[in-house]
Amino acid sequence: MNVSRRWLEAFLNRPLVARDLVPRLAMLGLPADAVEPVNAQLAPVVVGHVVELTPHPNADRLSVCQVDVGGGERRQVVTGAPNVALGAKYPFAALGVTLPNGLTLEKRKLRGEVSEGMLCSADELALGQDHDGLMTLTTDAPAGTPILEVLGLGDDRLVLDVSPMRGDLLGHKGIARELAASLKMPFRLPAVPGTDPAVGASIRRVERRAARMAGSSALPDGLEIAVETGSSCRRFTAAIIEGVAVGPSPDWLRQRLEAVGQRSINNLVDITNYVMFELGQPLHAFDGARIRGGRLAARLATAGERVTTLDGTERTLSASMTVVADGAGAVGVAGIMGGGDSEVSDGTTTIVLEAAYWDPGETRMTRRALGLASEASQRFERGVDLWGLPDVLRRAIELTLVVAGGRLVDAVDVWPVPSNPPRIFLRQARVRQIVGVDLSLAAIEQTMVAIGATVLSKPDDGRLAVDVPGWRRDLTTEIDLVEEVARIYGYDKLPDDLRPFRAGAQVRAPIDVAAARVRQGLAAEGLFEVVLLPIGPATSDQAVPVLNPLSADHGFLRERLIPGLIGQVEANWAAQVRDIRLFEVGTAFLAGPSRPAETTRVAAVVTGAGAPAHWSDSGKTADVDWWDLKGLFERTVSLANPGASVQVEGGELVARLPGGQVVGRASVLSADAPPWAGPVFGLEVELDPAAPAPVPFVPPPTVPSSSRDLALVVPWSVSAESVTTEMRKSGAGLLESVAVIDEYRGPGIAPGARSLAFRLVFRRREKTLKDNEVDSAVNRIRGALEKQLGVTLRS
Amino acid sequence: MDPTGYPDLDALLPRLAAIEGLTPDALEAERIAILGRKQGALTALLRTLPALAPEERKALGAAVNRVKQAFEAAFDHLTTGTGDRPEAAAGLDLTMPGRGRWIGADHPVTRVTTEICEIFASLGFAVAVGPEVEDEWMNFFALNFPENHPALDAHDTLFLSEGSSERADRAGGRLLLRTHTSPVQIRTMQSGPPPYRVVIPGMVYRNDPFDPSHAPAFAQIEGLAVDEGIGMVDLKATLTHFVRKFFGPKTAVRFRPSYFPFTEPSGELDIECQLCHGNGCPACKQTGWMEILGCGMVHPNVLTNAGVDAEKYSGWAFGMGPGRVAMNRYGLPDIRYLYSGDMRLLRQLGGTGR
């Protein structure tokens with residue numbers, strides 16, 4: 001909502017400063033998105049007083065003026081204006097000033113006489129069409145006073161961010177009311193030049209669905225107003241004014257509209273806009289001569305009905321939309337935009353002003369269906385003041401009569417089902433409970449009066465009966481009033497000392513604990529966490545689609561995290577980054593019978609050097625390989641899903657729960673890699689929210705261990721894992737640990753086999769092992785390996 | 001030190017290793033015994049050199065000198081106390097770069113979220129989470145969003161279905177990607193009796209294309225406190241406390257009215273602009289303030305919809321975007337940096353150097 005500071009000043013009858021206004025409005029719940037000075041380009045133009053005037057020595061039509069420009073300074077100005085007069089005051093623009101027409105003033109000589117600036121016409125200042133002569137300033141203001149001040153054109157446009165709940169703040173009156181409540185002062189509708197407050201237009205109330213209005217020259221048979229829809233139009237007011245003269249708006253009207261960023265069109269259209277920005281109620285002005293069939297009706301559209309709106313676009317309507325129609329067809333989309341056919345034009349002499357209440361929900365649906373938002377739809381969607389319609393129409397009639405002349409023929413208010421604004425009871429105790437501050441009933445009553453409510457105090461039972469003002473459609477229940485009390489009381493006045501509290505009984509979500517553990521663990525493994533979009537292209541034909549995606553690239557919920565990470569690897573390659581280590585913890589979605597199944601997962605990708613380059617490697621840092629992946633996978637599984645074990649399956653690694661369910665995978669990945677890139681490895685593991693069981697305490701051993709290295713010839717058909725398993729089985733409880741320490745293939749080893757070296761550590765917890773005990777355990781193991789697996793000692 | 005091959009010299013090596021454990025007195029005695037001009041063991045060996053053949057003299061001389069230097073360095077080190085460096089860096093240029101390992105980091109948004117959760121944990125709040133797929137009732141109607149109201153426009157929603165088999169019986173059964181973490185408030189309140197004190201981090205979704213300040217999915221964190229006798233003063237006090245813990249004890253805070261469907265009274269908390277510190281700059285639209293979170297007293301309809309007695313209990317809730325906080329903290333001009341896997345950026349933001 002664009003708001004003019006000066007317009008608000010007119011309501012409050014006091015000067016306001018934008019610097020103070022903005023924080024005050026913010027504290028009322030009305031933050032400003034921007035504050036823009038209006039007519040800023042005229043700010044440097046000042047009052048110039050012509051103190052000497054001589055004819056130009058070398059040119060008949062030019063004059064040389066000595067101009068007092070304030071501050072004891074004089075400038076010589078050469079002008080060709082015929083109306084320049086000694087002792088008169090004109091707008092003066094100094095050297096360097098850029099005028100609204102883009103001209104920047106420079107020092108120059110006109111036929112030998114220096115001119116240091118310019119005396120301006122209204123046209124040059126974009127203040128009117130008159131370019132025949134200088135703009136004479138009739139003012140007592142001394143030379144040097146800014147003309148914005150003299151002409152009353154200095155203004156600030158506040159761009160306010162109005163809550164969708166507060167339709168009443170889409171007009172200056174509503175904002176002035178808020179300010180008045182905050183400043184604890186009265187406010188009133190500004191007087192408009194020329195209006196006679198004694199003349200109040202009379203409007204006939206008709207409590208039926210239709211009314212007939214008196215005729216005029218343009219509407220000889222009169223005008224029938226009909227409300228033919230049930231819910232979408234609750235009240236419809238109209239006025240016929242004949243003998244109007246369409247023309248440009250007076251300056252005050254034009255300036256008001258320009259201050260809020262509206263373009264002046266003609267006096268009649270400007271009046272409807274002015275009233276909308278003043279009172280928040282949109283109006284429409286029809287050319288009376290172009291209303292066909294002598295009637296205006298609010299009715300539902302017929303399916304496929306067409307109307308050309310004011311923006312020149314033909315719209316096709318559906319049967320759920322409401323239109324304003326004349327005897328021949330739709331002439332406007334209700335609450336959104338009028339039609340071009342009945343628009344006011346230069347030849348208009350009779351107008352029909354219309355102000356109605358259109359249902360917020362239906363307006364919103366129509367606006368969305370047509371994709372056509374307007375100043376009007378914005379207001380109707382938020383709800384206009386049903387009870388304020390006659391006042392709005394009266395204001396528009398008065399302004400029309402003053403600005404465009406004419407005579408009011410008739411005005412009706414068709415209100416089939418009259419009603420009153422709601423009455424709400426507000427308990428003092430409820431205010432104390434919700435706000436936490438003990439306010440007297442009288443103090444609460446004051447806040448209610450300040451927002452425009454009518455209050456009946458019931459001190460005996462500690463409550464107020466509050467008749468809500470009609471423009472506050474958002475106030476429907478007691479809690480709405482509690483909010484108003486707090487708001488007008490002032491959030492800044494609430495204390496902010498912590499009071500004692502009871503801790504909640506809730507426990508931290510286990511999956512959050514697990515995710516934190518995984519993040520910490522993988523960061524310690526040297527990986528960086530990323531957060532990627534969970535919506536993307538389909539990763540399989542089972543992927544869950546989004547019904548209204550932004551684009552095909554964001555059309556599906558991700559089933560796995562890895563594809564997103566591969567994309568990031570490729571992006572790094574595109575930036576010539578080779579060493580990449582990323583992980584993500586996030587949600588994956590799998591199609592389910594009634595709704596998608598969500599799992600929290602971790603995925604990681606690694607490629608490039610396995611460690612930062614170091615000179616001791618002679619520039620040949622090893623790339624990550626399968627063994628890095630396996631180590632990372634085992635670590636990730638132990639963090640994310642400690643109940644699972646890592647197994648080899650086909651060409652990849654899987655993490656499997658004791659029940660057989662696969663909860664993770666790791667393998668080499670294919671990606672769109674440049675030739676210099678290393679192989680990419682990736683893993684993805686589902687998180688188990690269950691906390692890992694604590695490892696039971698075992699006292700550290702007190703006796704020394706003995707170790708033996710065994711070099712074995714192992715056929716390719718026998719896995720290293722089966723060898724260690726057999727070693728453990730046959731180690732008779734003395735084998736504490738076993739590790740592969742070397743692999744050799746090549747000369748000396750039969751084809752189809754390799755040599756694997758193992759380090760076996762033996763220990764008996766109670767008593768130091770003797771050499772011969774260790775030897776016999778090794779022999780037992782050797783025997784079992786040979787018998788069970790055909791694995792022999794390397795000779 | 002490696003053996004030299006000369007038995008007389010090698011016999012001294014164990015004593016080199018033992019120097020470190022000596023008392024100051026014993027250390028001096030040992031220095032004289034090894035290096036002393038008169039009876040020092042090495043001095044004695046050097047005295048034998050002139051009698052040897054030239055080749056042998058050269059070899060033994062070099063070996064003796066190496067051992068002598070090692071002893072001297074060890075004695076110097078221990079007597080001048082230049083630090084715990086028993087393996088004197090003989091032969092090493094310690095200006096050469098050290099060996100590193102990869103260091104990773106969690107995401108800036110994770111870091112911010114974790115800090116927020118920790119501060120609220122100290123105020124008795126536990127972390128709660130919930131599904132990202134919800135239905136319209138959970139996401140909107142339970143939270144007091146009126147049907148067909150402009151307030152819904154700010155929540156341009158990504159829908160997954162026209163209807164749901166689960167809730168075909170009532171309005172609001174359409175499945176969607178949650179537009180805020182607020183449904184978890186309802187789930188929390190449905191899970192047991194008050195009091196409730198939870199913080200709710202999670203991913204939320206909007207039908208917004210990527211631009212410098214919008215993303216189709218982003219992190220949000222909410223908080224909920226419900227009990228008997230909780231009022232706006234507690235909301236203001238707790239959030240002011242949080243903001244000062246998070247942004248610094250002297251941070252200026254402003255609590256001003258706002259409107260949300262699910263809270264009433266509603267408010268927003270501003271902190272002094274972190275760029276200009278209140279002087280006014282383009283980032284804060286010249287106001288000197290930066291909006292940091294939305295909050296309010298839980299609307300009685302929300303309590304009722306969640307099965308909580310709205311006359312007996314009251315409470316407050318807040319919501320904020322850790323992504324926006326992270327952008328401020330790290331000076332990111334565009335939200336899209338938060339969705340990047342660029343290693344150079346992640347290293348910089350992680351502050352890890354590698």
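## Basis and overall form of chain B

The structure is a predicted model, and every value in this report is computed from it. Chain B holds 12 helices and 9 strands. Its radius of gyration is 36 Å, whereas the globule rule gives 20 Å for 354 residues, so chain B is more spread out than a compact globule. Along the principal axes, the C-alpha atoms of chain B fill a box of roughly 110 × 45 × 40 Å.

Of the 354 residues in chain B, 54% are buried, and among its contacts with a separation of 6 or more, 64% are between residues 24 or more positions apart. Chain B exposes about 15,600 Å², of which carbon and sulfur atoms supply 52%. The chain carries 34 positive and 42 negative side chains, and the centres of these two sets lie 9 Å apart.

## A:Arg157 in strand β10

A:Arg157 belongs to strand β10 of chain A, which covers residues 155-160. With a relative accessible area of 18%, A:Arg157 counts as buried because it falls under the 20% cut-off. Although A:Arg157 and A:Val35 are 122 residues apart along the chain, their C-alpha atoms are separated by 5.7 Å.

Leaving aside neighbours within four places in sequence, A:Arg157 is in contact with residues including A:Asn2, A:Val3, A:Val35, A:Glu36, A:Glu258 and A:Ala259. Two backbone oxygens are reached by the side chain of A:Arg157: that of A:Glu258 at 3.0 Å, and that of A:Ala259, which lies 2.8 Å from a polar atom of this side chain.

## A:Arg295 in strand β16

A:Arg295 is found in strand β16 of chain A, residues 295-300. Its relative accessible area is 22%, so A:Arg295 is partly exposed, a class that lies between the 20% and 50% cut-offs. Residues up to four places away in sequence not counted, A:Arg295 touches A:Leu223, A:Glu224, A:Ala226, A:Glu228, A:Ala325, A:Asp326 and A:Gly327.

For one of these, A:Glu228, there is a polar contact of 2.7 Å between its side chain and that of A:Arg295. The C-alpha atoms of A:Arg295 and A:Asp385, which are 90 residues apart along the chain, are separated by 25 Å.

## A:Asn273 in helix α6

A:Asn273 has its place in helix α6 of chain A, which runs over residues 267-279. A:Asn273 is buried, with a relative accessible area of 15%. Apart from neighbours within four places in sequence, A:Asn273 is in contact with A:Leu257 and A:Gln262.

Methods
Residues are numbered from 1 along each chain as its sequence is written. Chains are lettered from A and ligands numbered from 1 in the order in which they are written. This is a predicted model: local features need pLDDT of at least 70, side-chain atom pairs count only at pLDDT 80 or more; totals for chains, interfaces and linings use all residues. Side-chain values use heavy atoms; hydrogens and water are left out. Helices (H or I, at least four residues) and strands (E, at least two) are DSSP runs, numbered from the N terminus. The radius of gyration is taken over C-alpha atoms; the globule rule is 2.2 Å times the number of residues to the power 0.38. Buried means under 20% relative accessible area, exposed over 50%, partly exposed in between (1.4 Å probe, protein chains only). Contact means heavy atoms within 4.5 Å. Accessible areas come from the Shrake-Rupley method with a 1.4 Å probe; for residues, only the protein chains shown count as cover. Lys and Arg count as positive and Asp and Glu as negative; His and the chain ends are not counted. The place of a charge is taken as NZ of Lys, CZ of Arg, CG of Asp or CD of Glu. A polar contact is a pair of N or O atoms within 3.5 Å; within protein, one must be able to donate a hydrogen and the other to accept it, and residues adjacent in sequence count only if both atoms are side-chain atoms.
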